[in-house]
Amino acid sequence: MSLGLIPNPFMTSESRRESMAEQSAVELQHEVIPRLQEIQEKFGYIPQEAVEWLSSQLKVSSQEIYGVATFYNHFRFNPPGKHEIRVCLGTACHVGGGEKILDTLSERLGIQPGETTADERYSLERVACVGACALAPAVLLDDEVHGRMTQRSLKRLLDKVDRADKKAAKGSDE
Amino acid sequence: MTESEKIEVLVCLGTGCESAKSDLLYDKLAEQVKKKKLGDKVEITRIGCHGLCQQAPVIAIEPEGLFYCQVGDDDIAEIVTSHFIKGEPVERLYYESPEGERIPHYKDIPFYSKQHRVVLKNSGHIDPGSIDDYLAVGGYKGLERALKEMSPEEVVDEVLNSGLRGRGGAGFPAGLKWKLGRNAPGHKKYAICNADEGDPGAFMDGSILVADPHSVLEGLSICAYAIGADEAYVYVRHEYPAAVASLKKALKDSYEREFWGESILGSKFSLQIHLMEGAGAFVCGEETALMASIEGRRGMPRPRPPFPTESGLWGKPTVINNVKSLANASVILREGWEWFKSIGTEGSPGTAIFSLTGKVRNTGLVEVPMGATLRNIIFDVGGGVKEDRTFKAVQTGGPAGGCLPAEKLDLPVDFDSLREAGAIMGSGGMIVMDETTCMVDVARYFLSFTQQESCGKCTPCRMGTLQMLRILDKIREGRGEDGDIEKLLELCDTVVNGSLCGLGQNAPNPVLTTIEYFRDEYEAHVKDNTCPAMVCKELVKFVIDPEKCTACGACKRICPTGAAQGKKDVIHHIQQDLCIKCGACYEVCPPKADAVMKIPAHSELAREIGGAK
Ligand SMILES: Cc1cc2nc3c(=O)[nH]c(=O)nc-3n(C[C@H](O)[C@H](O)[C@H](O)COP(=O)(O)O)c2cc1C
Ligand code: FES
């Protein structure tokens, strides 16, 4: 069984199977987080069915898997909106006014961090530092970093997304 | 210009520049160069963080060492025709000093000339995606020397002699850790690179992994050889997709060139390296929690001893080092311990790397010899406080660190001096604060962070930080009472002494230092119900000066709640019960009107015009 993301070049599939039988419980437990990451990558969240499937694959109870998954901030258990907005609240961004950006977004979208709008268009999250501290405050929109955010550039950014979505919706209607 | 003097254009794709859309610049440059058929004269290379993020996006032109700042989409055509074709550089894109002077070469910009780059030497100068680039600057020479000329014990001694102290925060001597790992009984051992970079507001480790990943992998292989490990892990922060991608590429390339794998460089030493992405838990930067996470469990720290060198990953002896510690180890093995020891101070040899951010003019990645003062870093390299405001404090060490005031600016930066002053070296976050930063708010920020990230295993940390947070919230909201500050200090003591791991033991540091150095600010909140920096939401109000308002409607258009109200040609006002104090109106009110004011919520003025309709 491959450990982590780089395939283990030393192990043939034969010896892999042997070693799995040998220390399976430990090895399988080790797989929990990488597999959860793959699931989230694929679905955007961790569906309950996926946990049950994973539990049967790794022979680790679903309670145990949930126990691990809920410990880490990265995993989410409800589907994200069409656009994911993440506001950086790392130190540099906090000092640079990130909190106010979050307040405005929360007000404008009508949701709290961690929630998705009723029309499923937006979800709002907070993150602690994305590495763009030198250009604080930073906002991630669909994984694209926008630095030096101001109230004005924030409004422009959202207006642009709204316009693009409206246009796309109109296009598909016709 | 002759054929041999190819122009090399280095486009920075560090996180700062990338967020300023430097990837589009790269594409556009490539397109223009192709269109103008300059392919054999101009070579475009992607680089990792060059350092001066403030000027993002930046482009460096080698071999002259020219430096273009804040390059826009529409500057590309001019760079190509003027510089590459006619040979006339675009002077208006040079760095502009605060005195208004244009500086063409980056080596002459004080931000760079006042640094001493050892670990960051390659960052921004080589293509991180090319192992040949790394080899061309002496890469993997340290590993080669270790494997071909030295026994593992000699490698341990080399690092021991260098005096290298761990760069992950605590400053534990790396050589000693390696020696303990080497001497631990057993055949199975692990080496781990801690690339979790949990400090929220620091980006050194991530930048190094993007800009120079092989230097870290080389150090990891050297460490594994020294301690006798045949497996190693790199545990990297998930929030850094660029670092993850860079590591994957570097692992693949270095494996193909036999810098890890079976019989490395023809020696008897074999090493298997695995990559694991974290999942967003700050506490997993702590070594025992990190190992629990690799094992696939909840990332909870456990009491030490036993230390990881005795019983670490899966109970086996394990040596875990920070990204920068390992990158330093590569340099030490390449250049020798005497050379390394000649830099920095007696007790802390080598350099210190900081990500300099906040209210400082030149934000970016900085490397200085240990023993440089805070003033050197913030004023000489950093260019001083932004917009000529007054320096108030500098924060180092992230949530475990402290805030130091102007009186401490001449403190030399090394592991011991900073700890003595109440802050810590930490992993390298350095945030500059000016008079517009509220120290109570900063202390509360860090505490709310540690409180949320507390794994919950021990009570002093879980409950103590929560109680402290409640008091800080009270103070911040203007509900503070006499005795609250003393109560905070008492709780700090309990949490410091009662917590299981470094998270809890250090969590009170931001509170302790802000009370020690900025007690008057706490008292202003408690006694006068005012926030001197005008940051704490409950203690400020936004109002419109009716004398100055031109009814332009800018505030009304941007207000997210409809609190800013008014009509064409009618003076605007802010409906206080709708206001969430986001400050948008304050930001957009045109400077010539300057009608929106931020005022203390409990002032005479606020009573007068604040409520007026
Ligand atoms: C709460 C907490 C968080 C930590 N986070 C990190 C981190 O993000 N990166 C890191 O290298 N070390 C971190 N450390 C320190 C590690 O436990 C460990 O000391 C370090 O990785 C050892 O490497 P070094 O000797 O090279 O410094 C953290 C410690 C604590 C208590
Ligand atoms: S603090 Fe926001 S990007 Fe680092």
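1. In these notes a residue is called buried when its relative accessible area is under 20%, exposed when that value is over 50%, and partly exposed in between, with a 1.4 Å probe and protein chains only. By this reading Lys581(B) is buried, with a relative accessible area of 16%. Its phi is near 60°, a positive value in a residue other than glycine, and Lys581(B) is placed in the loop between strand S18 (573-574) and helix H23 (584-588) of chain B. Helices (H or I, at least four residues) and strands (E, at least two) are DSSP runs, numbered from the N terminus.

2. The model is predicted, so that local features need pLDDT of at least 70 and side-chain atom pairs count only at pLDDT 80 or more, whereas totals for chains, interfaces and linings use all residues. Residues are numbered from 1 along each chain as its sequence is written, chains are lettered from A and ligands numbered from 1 in the order in which they are written, and side-chain values use heavy atoms, with hydrogens and water left out.

3. A second residue with positive phi is Gln70(B), for which the angle is near 40°. Gln70(B) belongs to the loop between strand S4 (66-68) and helix H3 (76-85) of chain B, and at 45% relative accessibility it counts as partly exposed. Most residues other than glycine have a negative phi, and most peptide bonds are trans.

4. Cis peptide bonds deserve a check: one joins Arg304(B) and Pro305(B), with omega about 0°, and another joins Pro305(B) and Pro306(B), also with omega about 0°.

5. Chain B has an open sheet of 4 strands in the order S9-S8-S7-S10, with parallel pairing, where two strands pair if DSSP finds at least two bridges between them. Strand S9 (272-277) and strand S10 (318-322) of chain B each have a single partner strand, so one side of each is left without a neighbour in the sheet. Strand S7 (residues 190-195) of chain B pairs with S10(B) in the parallel sense over 5 bridges, and Ile192(B) stands opposite Ile320(B) in S10(B).

6. Which cysteine sulfur is nearest to that of Cys589(B)? With a disulfide taken as a pair of cysteine sulfur atoms within 2.5 Å, the count comes to 0 disulfides over all chains. Cys589(B) is in no disulfide, and the nearest cysteine sulfur, that of Cys552(B), is 6.2 Å away. Cys589(B) is buried, with a relative accessible area of 15%.
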